[in-house]
Amino acid sequence: MRWRNTVKEIAPYIPGKSIEAVKKELQLEHVHRLASNENPLGPSPKAKEAMERAIQEVHLYPDASATKLRERLAQLYAIRPGQVITGNGADNIISLVISAYIDEDDEVVYCSPTFPAYRSSTLLMGGKPVEVPLTEEWAYDLNAIREKITDKTKLIFICNPNNPTGTIVEDSALLQFIQEVPEHVTVVLDEAYIEYIRKDQYKTGIDYFKAGHPIITIRTFSKFYGLAGLRIGYAIASEELLEPILRLREPFACNRVAIEAAVATLDDQEFTEEHYEMNEAGKEYLTQKFSELGFSVFPSYTNFLFVHVKSDAQKLFNKLQEKGLIVRPCTPWGLEQYVRVSIGTQEQNELLVEILNQYDRE
């Protein structure tokens, strides 16, 4: 059977090996994954309790509209529930946005390296990805993006903070950019790591939306909230912008357990603050230790570090994996000497440093 032509253009996503696979292959008892930017503390206690209750009713379909969660998010951000759409992770929301808006030959502009879903989803719809290099500081280059806007430009994706570099754009520059974008273009802010930004009075996509700007903001419960395995994300925008996305969304995009866990974790501020403080301490510790090893570490507003190891990243990845530690080599982005390292528990961070101190880069 013949494939769709657009599918042929998409490189398959090749995830790293699972913890279980690495244990089996290398005969290891303990394996730590510092590659996927997961919350090492796991779900909050309140989320666990909510999941235990919800699992008793998994024989029933969930609320197709995830009303309870949308109402809780609307309350949190002082918006209307109709301005929130939920989905099966932020990846699913990204795919839906592009599917809803991109026709053949429409252009989608973003910087690179960044989250690869923008490219693959655009290609699938027959659109044209327009990739712009990051700045020398590894941040989104808004000026360069502005220069790439044409009559065919339909969407602009801005990953803020950016994955895999952990950098942000200044909110004042972002606001000016949003104000200057032509009316035929919609800006989409991917804020998967936004909860890690604690700069004083820093404006986010939801602030811009509430100020009346026609943008789409995408967020997730996978990172900061520790619910990666449940796959739950959401977008906030006007009802008008969300309408075509709602037409495409699966009838039961969020499962019952995920909905209840997401609502509960929003009410567990004590847990989220514990995680934030642990993440900041771990980030400071690893930044110092990596620098002592001669690596270059870039400022990060996320739960990971973008590190120039100044040697073969794939070789380093292989050596660490043999010792039971998984990091993310940035070779898929064409960065042969860079790795992305998730912030773990202090025990995991110290284990990583111990192994790196024994590693011969020659």
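Start by selecting W138: this residue counts as buried because its relative accessibility is 16%, where buried means under 20% relative accessible area, exposed over 50% and partly exposed in between, with a 1.4 Å probe and protein chains only. W138 lies in the loop between β4 (128-133) and α7 (142-148); helices here are DSSP runs of H or I with at least four residues, strands are runs of E with at least two, and both are numbered from the N terminus. Now look at the backbone of W138: phi is near 65 degrees, a positive value in a residue other than glycine.

Before moving on, a word on what you have open: this is a predicted model, in which local features need pLDDT of at least 70, side-chain atom pairs count only at pLDDT 80 or more, and totals for chains, interfaces and linings use all residues. Residues are numbered from 1 along each chain as its sequence is written, and side-chain values use heavy atoms, with hydrogens and water left out.

Next, select Q201, in the loop between β6 (186-190) and α9 (205-210). Is Q201 buried or exposed? Q201 is exposed, as its relative accessible area is 75%. Phi of Q201, a residue other than glycine, is also positive, near 60 degrees.

For the last stop, go to the loop between β5 (153-159) and α8 (171-180), where you will find P161. Select N160 along with P161: the peptide bond joining them is cis, with omega near 0 degrees. P164 also sits in the loop between β5 and α8. The bond from N163 to P164 is cis too, with omega near 25 degrees.
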